[in-house]
Amino acid sequence: MLSSIPGASVEHDLVVSTFAFVSDNLKDPALLAGSELLEQLQSHKDDDVLPVELTPDFSRFAALDDRHPEEEILVRDADRHQQYVLDMIGNGESVLVSTPPGTGQTQTAVNAIAQLVHDGKNVLVIGERRGTLNELAQIFTDHGLDSLLLQLNAQTGPQQMTSQLVRAITRNEKATEATLSNLHETLIDRRHQLVDHVASLHNVRDRWGCSPYQAMQSLAELTSIHPAPSTTVRLKRSVLDSIRDRKELTGRLVRAAELGAFSRAAVSSAWHGARMVTRKETETAYALAEQLNEQVPLFAKKMREVAEFGQIRQGNSFAEWGRQLNMLVAIRESLDKFNADIFDWSTDDMIAATATAAWRRERGIEMPALKRARFRRNAKDLVRPGVHIANLHESLVLVNEQSTLWAEASTSKRHPTVPSGLAELSRSYMSLREKLVALGKVLERTVDGGDLLNFNAAELAGRLEALVGSKDSLETLPERTLLLDGMREQGLGELLQAPCRA
């Protein structure tokens with residue numbers, strides 16, 4: 001192949017090296033033995049080495065978006081850095097491009113070849129591996145440009161070369177100039193749309209103080225956090241407009257987070273959501289919880305004993321206990337006036353007999369005088385000896401109501417029985433009720449609410465125990481409450497509530 005070139009010769013040399021640039025380390029004792037290669041390395045000058053450009057200077061060439069499509073001769077896609085290499089090659093510069101595997105060096109080589117061939121130049125392509133050259137040739141074949149190549153190897157003979165040349169000449173003879181004006185206009189129009197879109201993405205909105213791109217970058221940064229935020233809350237435009245100083249709001253959010261407002265411990269605390277803004281309020285609330293945690297179970301035990309003694313169903317809440325106590329106290333008062341047999345009689349006729357004529361007319365009840373006298377006498381016979389009842393009719397009405405309540409609560413058919421110590425038990429109830437109402441006002445904004453009186457009795461005991469066990473969360477609760485209340489006033493209530501739902 002080189003016979004036609006005067007003075008050209010080919011020599012075979014085998015060089016073993018780490019391929020490191022060792023010119024700065026030639027004083028190493030291991031290299032002082034000397035060799036012809038080392039002597040040449042020692043004698044080299046800085047001017048003999050091509051300058052290394054680590055940072056591309058894109059300003060040297062026209063921006064990609066400012067170029068006309070007919071100026072772009074690309075067989076494969078090229079990014080900004082690949083196009084920079086192609087521009088230097090097209091500018092006639094000698095370049096050495098070093099890239100890691102898989103970064104598109106082959107497609108850059110393909111584009112460089114196509115560009116040089118388009119400019120009427122011949123290109124010699126050599127490679128360290130036959131597989132690399134075959135890959136490059138396949139790319140040209142896939143694009144119908146294989147006739148541009150003249151592939152030479154050890155097996156290439158005159159017949160193969162002739163065939164490739166004939167195919168290339170035939171292709172050139174049949175080739176027609178492509179009509180690309182409409183396509184170029186479409187490309188230019190689409191490019192302008194994309195450029196405007198990109199510019200819009202980077203345009204800072206005065207209303208928000210940031211660009212859409214910055215917003216997307218911030219969202220991407222947030223999603224890269226592990227664990228990433230998972231809220232689905234979207235703030236309304238009116239809320240965003242009302243936030244003038246976002247840095248100040250950010251500071252409050254950060255401070256609330258530092259205080260544990262969004263931590264699992266704070267959110268799962270029995271006190272979470274309680275509104276207390278001073279240390280005194282937290283101390284008072286905790287003292288109430290401690291007292292109730294001790295006293296409510298004891299009171300519940302007494303109510304179980306009352307239910308067992310009277311053979312009535314035990315109430316399921318503190319409010320039901322109160323109603324049962326009221327019923328028992330009322331029955332106790334009736335039993336102080338009447339014999340216990342009063343609850344075994346039907347009092348309807350006695351009530352009508354002891355009522356006024358007007359009362360009977362309103363209810364359409366007609367009762368002869370003799371019958372009224374008999375029922376009045378029956379009612380008086382049931383009055384305890386020595387007891388004077390000023391209004392027998394009203395007392396009988398109360399007995400009738402108490403009989404109805406007893407029938408609903410009783411688990412047997414015996415007449416009402418009342419335990420001793422009801423007065424003291426009622427006083428205990430009123431004292432505990434007052435404390436539960438006071439604590440309930442503090443817990444009104446918690447997840448479980450503040451209606452402690454109607455809370456299930458078993459769950460109430462558990463909740464009081466949880467309140468006493470969550471004392472640590474009260475340390476920072478006042479400051480957290482003030483911070484969160486201020487942010488709720490700015491319309492962030494739904495966002496602040498999201499961690500609780502999660």
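Analyst: Happy to. A residue is called buried under 20% relative accessible area, exposed over 50% and partly exposed in between, using a 1.4 Å probe and protein chains only. With those limits, V117 counts as partly exposed because its relative accessibility is 31%. This is a predicted model, where local features need pLDDT of at least 70 and side-chain atom pairs pLDDT 80 or more, while totals for chains, interfaces and linings use all residues. Residues are numbered from 1 along each chain as its sequence is written, and side-chain values use heavy atoms, without hydrogens or water.

V117 sits in helix α3, residues 105-118 (helices, H or I of at least four residues, and strands, E of at least two, are DSSP runs numbered from the N terminus).

L149 belongs to the loop between α4 (130-142) and α5 (158-174). L149 is buried, because its relative accessible area is 17%. Leaving aside residues up to four places away in sequence, L149 touches A137, F140 and Q164, where a contact means heavy atoms within 4.5 Å. I113 is 36 residues from L149 in sequence, and their C-alpha atoms are 10.0 Å apart.

Now for the wider chain. The chain has 19 helices and zero strands. Its radius of gyration is 49 Å, well over the 23 Å that the globule rule gives for 502 residues, so the chain is more spread out than a compact globule. That radius is taken over C-alpha atoms, and the rule is 2.2 Å times the number of residues to the power 0.38. Along the principal axes, the C-alpha atoms fill a box of roughly 155 × 65 × 50 Å. Buried residues account for 30% of the 502 residues. Among contacts with a separation of 6 or more, 66% are between residues 24 or more positions apart.

The structure holds 14 salt bridges, each a side-chain nitrogen of Lys or Arg within 4 Å of a carboxyl oxygen of Asp or Glu. In helix α9 (residues 246-258), R252 and E248 lie four residues apart, about one turn of the helix, and their side chains meet in a salt bridge at 2.9 Å, N to O. R252 is buried because its relative accessible area is 17%, whereas E248 is partly exposed at 37%. R255 also bridges to E258, with the closest N and O atoms 3.5 Å apart. R255 is partly exposed at 33%, and E258 is exposed at 57%. Helix α12 holds D336 and R332, four residues apart, whose side chains form a salt bridge at 3.3 Å, N to O. Finally, R275, R445, D485 and R488 are linked in a network of salt bridges.
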